Amino acid sequence: MDNIQILWVDDEIDLLKPHILFLEAKGYQVDTANNGSDGIDMVKEKRYQMVFLDENMPGMDGLETLQQIKKLFSTLPVVMITKSEEESIMEDAIGSQISDYLIKPVNPNQILLTLKKHLENRRLVNEKTTSNYQQEFRQLAMDLSMVRDIEGWEALFKRLTYWELELDKLEDEGLNGILKSQKDEANAQFFRFVQNNYEDWFSDPEEAPVMSHTLVKEWVRPSLKDGKPFFLVVVDNLRYDQWKMIQPEIEKYFRIEDDRTYWSILPTATQFARNALFAGLMPSEIKKRFPDKWVEDNEEDEGKNNFEKDFFADNLQRLGFGNLNMGYEKVTNHNYGKKLSDNLSNLLNNDVNVLVYNFVDMLSHAKTDMKVIRELADNDKAYRSLTLSWFKNSPLLDMLRQLAEKDIPVLLTTDHGTINVVDPTKVVGDRSLNTNLRYKSGRGMTYQGKDVLEFKNPESVHLPKQNINSSYIFAKEDLFFAYPNNFNHYVKYYRNTYQHGGVSLEEMIIPFVQLKPRQ
């Protein structure tokens, strides 16, 4: 407090002596000036943390003084004090980037509150956030020991995500470390929950969460029945925490009518989860219904998601909406996104439009392959920040803004999440194994049983078999599969990269949001 220095500029400064004494008693150092010119000279000579500035002074008035101060020190907080409540004066002051605006007569407590709000806000917020998390830590630990069902896991994951975002605002690595340990423990327990229940969800669908293959039937169909045009936007690889980062930008144009989570199927990978989403079928069912359109997992060519439009059209037909006009667009690069945004009106005559936006997926893969992305997204906090930076400047946000202006509702979702992998677990198999780092499918695999969820009979979870002896394994928590050959090089290259396909809260519990235009 001793080094917080305030400058108060007012042509009637002598009348404010009680206010100044009050602030000095609170530990602030207050210098005074009775005109704008002297105030500017003092700002040049001394480093102040805040300036209180009278708007109506003879000679150089408050607004002129404000402009000169901002030219010298653009980030110096200035609080304008005036007798006038004229809207034009307020707008001029706000346009000149004042920090606050007070109407005379002001009392000492108003001044003190303004100082705390602008100079001590960070400290007070940090202290309150730290205190709140310390209390919540104990409750989270208790709830984690008791969570037993789908709803409980969704609620717990949302609370953990909330605290991740709150602690991002602090510079306390200790608290972040504690929360990470808590989340690691949650993921270990979540793995056991999925291990014990996943197969049963297919024999008893009533007990299952809404999942990739039931999402359209359960949560998109109501919008289809409304008979009003809408957009279904699928942002590939969008985690729940990333959704929470971009939510404030979207809320400038839309109201959040519904903010829910659903569960990705296994593997939590695009070929399986997104095809299941559009088809309304599990992968083995897709392969059976569309044998010419299912690409086997170990075939490394492109095209494993080339038939989403066909799958969705078939799904709509089975649900009784085959007569709807449906548009489908997939954005895989910025230039095409911009072109689509510029010509969005061409899609507005359709009853339903599907927009698949692949950027977040490209970002996660680029983190593996590009050194600069590795440095920019070194951890989850940085990854979230990078997602927000991209979104604020993306054609996707521009398209959403246009849809809001045209009063078109949007369903925003994803196909699966992703996790930052840390530790390797060894796997050995023949050349037919797929290359994904979070799951493997094939025959004759050897692996650490404690590190994986395994399905020796893929048909029990509706996954296609490449051959009669094929099985699937899924890495738990933040593990990734590595081959013994050239092990150290492989681990060094892939550690601390974002991968998907396995079993974790981040990959499986993912957002589904209903957006209604604000107008």
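This is a predicted model: local features need pLDDT of at least 70, side-chain atom pairs count only at pLDDT 80 or more; totals for chains, interfaces and linings use all residues.
1. A residue counts as buried under 20% relative accessible area, as exposed over 50%, and as partly exposed in between. Arg289, at 45% relative accessibility, is therefore partly exposed.

2. Arg289 pairs with Asp314 in a salt bridge whose closest N and O atoms are 2.8 Å apart. Arg289 belongs to helix 13 (residues 283–289) and Asp314 to helix 14 (residues 308–319), so this pair ties together parts that are 25 residues apart in sequence. Asp314 has 16% relative accessibility and therefore counts as buried.

3. Asp310 and Lys293 meet through their side chains in a salt bridge, with an N to O distance of 3.2 Å. Asp310 is in helix 14, while Lys293 sits in the loop between helix 13 and helix 14, so the parts tied together here are 17 residues apart in sequence. With a relative accessible area of 32%, Asp310 is partly exposed. Lys293 is partly exposed as well, with a relative accessible area of 21%.

4. The side chains of Arg438 and Glu507 form a salt bridge at 2.5 Å, N to O. Arg438 lies in the loop between strand 12 (423–428) and strand 13 (439–442), and Glu507 in helix 21 (residues 505–508), so the pair ties together parts that are 69 residues apart in sequence. Both partners, Arg438 and Glu507, are buried.

5. Turning to the helix contact, helix 7 (residues 150–168) packs with helix 18 (residues 380–392) at an angle of about 85°, and their axes are 11 Å apart. Angles of 65 to 115 degrees count as roughly perpendicular, and helix 7 and helix 18 are therefore roughly perpendicular to each other. On the helix 7 side the contact has Glu164, Leu165 and Asp168, which meet Asp380, Lys381 and Arg384 of helix 18. These contact residues divide into 1 nonpolar, no polar and 5 charged.

6. Which residues are linked in a network of salt bridges? The network is made up of Glu164, Asp168, Lys183, Arg239, Asp241, Asp380, Arg384 and Glu506. Residues of the contact between helix 7 and helix 18 include Glu164, Asp168, Asp380 and Arg384, and these residues are also among the members of the network.

7. As for the total, a search of the whole structure finds 35 salt bridges. Side chains of opposite charge can pair when their charged atoms come close.

Terms used: Residues are numbered from 1 along each chain as its sequence is written. Side-chain values use heavy atoms; hydrogens and water are left out. Axes are lines fitted to C-alpha atoms, for helices over the stretch in contact, and angles run from 0 to 180 degrees between N-to-C directions. Helices (H or I, at least four residues) and strands (E, at least two) are DSSP runs, numbered from the N terminus. Angles under 35 degrees count as roughly parallel, over 145 as roughly antiparallel, 65 to 115 as roughly perpendicular and the rest as oblique. Contact means heavy atoms within 4.5 Å. Ala, Val, Leu, Ile, Met, Phe, Trp, Tyr, Cys and Pro count as nonpolar, Asp, Glu, Lys and Arg as charged, and the others, Gly among them, as polar. A salt bridge is a side-chain nitrogen of Lys or Arg within 4 Å of a carboxyl oxygen of Asp or Glu. Buried means under 20% relative accessible area, exposed over 50%, partly exposed in between (1.4 Å probe, protein chains only).
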